[in-house]
Amino acid sequence: MMFAKTNFLKSVTLAVALATSAHAHRAWLLPSATVFSGDDKWVTIDAAISNDLFYFEHVPMRLENLTAIAPDGSVLKPQFLNTGKYRSTFDVELEKSGTYKFAVVNQSVMASWEENGETKRWRGPAANADKEIPANAAKLQKSGMSQRIEVFVTAGKPTRKVLEPTGKGLELVAETHPNDLFAGEKAKFGFLVDGKPAANITVTVAPGGKRYRDNLKELQLKTDADGMFTVPFTEAGMYWLNATANVGGSRASYVATLEVLPQ
Amino acid sequence: MNSKKLVAVSLPAAAAAMAADLNVSLEIPKMNVAEYHRPYVAMWIEKPDQSFVQNVAVWYDVRPKGRKSGTTWLKDLRQWWRKSGRELTMPVDGVSGATRAAGSHTLSFAGAKTLAPGSYEFVIEAAREVGGRELLRVPFEWPAKRGGNNSQSAQGTTELGAVKVTVTP
């Protein structure tokens, strides 16, 4: 009994440690532009995990779980994928008119168990969990984590198909179109957990360009009873939007990069 | 003395041509820069609450070297792009045309005849490749009050010079 309690505490400590380290570093997709016109359109996107926004100074984001979705909902194949020391990059030709979504969705599992009197720990992609964690291990503790990192870009007129929620995990509700954001205007967004409003969760909105100012200028907002919140964008620039929530006992994190244009 | 006479002679004819019209004169400033491209210019009509009413003109690079068209940079006219451009397929008959050289330009907006009586703003936005962007608003009443002040101006400071909107009764 005492042992189990210690083990549980250890696993909580581990979870907190991992959660904290994940929080300190910020994952993001940074597009070359979010608004496109004309007939020869390509977007190039940087993908990285960093301390400050939006600088390449920590580690590149892995692109194994990248999905590119065209305005009609079809899946595109990103081109020129590269992972360097600090960032990954990929390009997509925007052949269709409308709004595109790029998303990196990671599902991971953390587990601890006892083997021959020793505590074993494992953390990795959810897909490998069954293979790596002995199903009948003693004192097995398992917890899941999911992470969804998104960015939207629009060629021509903004469309809404890629904004439709799937009803799974932590998802953004974009009442204001994410490619129609202007300085001095308020944007209304929300969050869903498994398709239901995520009430009273904390949302962080942080502008990029940290190197050129002392003040973080970060906003901490709360979703209302309907899971909605309003962001007063006062200045133009790239913003990092993040929220975390509990989804079926697992920790889920959502990130979107938003571009706010000057009037 | 001579010029006064000239004006007196030419005025009746000009007034007839401009009957119940919206006339715009604008200046594209000369730039002393190493790399100069003619600006993209969009002009449109808004209501005082800044809701879009109607396009007047869009000047863009219709045939740039090595490209099918210069529509790639239309989004740099970012207010116009948001208000109207992104809804359109270029070119638009009677609205779009080639970029203009630095200097003074005038145009008469025949489409004003379809405007409902009321207060409006004439909006002009200019964006130049490797240059800046500027947007000006000139309020006007449609139709013009007979004998009233029917001419209003705005002065640009960077990408636009003087812009004058004249509504003739």
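The model is predicted, so a few ground rules apply: local features need pLDDT of at least 70, side-chain atom pairs count only at pLDDT 80 or more, and totals for chains, interfaces and linings use all residues. Residues are numbered from 1 along each chain as its sequence is written, chains are lettered from A and ligands numbered from 1 in the order in which they are written, and side-chain values use heavy atoms, with hydrogens and water left out.

**The sheet in chain B**

Chain B has an open, mixed sheet of 5 strands, running in the order 4-3-2-6-7. Strands here are DSSP runs (E, at least two residues; helices are H or I, at least four), numbered from the N terminus, and two of them pair if DSSP finds at least two bridges between them. Strand 4 (96-98) and strand 7 (133-142) of chain B each have a single partner strand, so each has one side without a neighbour in the sheet. On average, neighbouring strands are turned by 15° against each other, direction ignored; the axes behind that are lines fitted to C-alpha atoms, with angles running from 0 to 180 degrees between N-to-C directions.

Strand 6 (residues 118-127) of chain B pairs with strand 7 of chain B in the antiparallel sense, over 10 bridges. Glu125(B), for instance, has Leu135(B) in strand 7 as its bridge partner.

**Pocket and cavities**

On a 1 Å grid over the protein atoms alone, a cavity is a set of points where a 1.4 Å probe fits but cannot get out; a pocket is an open set with protein on both sides within 12 Å along at least five of seven lines, and lining residues have an atom within 4 Å of a point. Points are joined across faces, edges and corners, and a volume is the space filled by probe spheres set on them.

The second largest pocket is lined by 32 residues, with Trp73(B), Lys75(B), Asp76(B), Ala127(B) and Glu129(B) nearest its centre. Helix 2 (residues 78-83) of chain B gives the largest share of that lining, 3 residues.

The whole structure holds 2 cavities of 30 Å³ or more. Strand 11 (138-155) and strand 12 (170-174) of chain A each supply at least two residues to the lining of the largest cavity. For the second largest cavity, the largest share is 3 residues from strand 13 (residues 185-193) of chain A.

| Space | Volume | Lining residues by type |
|---|---|---|
| Second largest pocket | about 600 Å³ | 12 nonpolar, 6 polar, 14 charged |
| Largest cavity | about 90 Å³ | 7 nonpolar, no polar, 5 charged |
| Second largest cavity | about 40 Å³ | 4 nonpolar, 1 polar, 3 charged |

Ala, Val, Leu, Ile, Met, Phe, Trp, Tyr, Cys and Pro count as nonpolar, Asp, Glu, Lys and Arg as charged, and the others, Gly among them, as polar.
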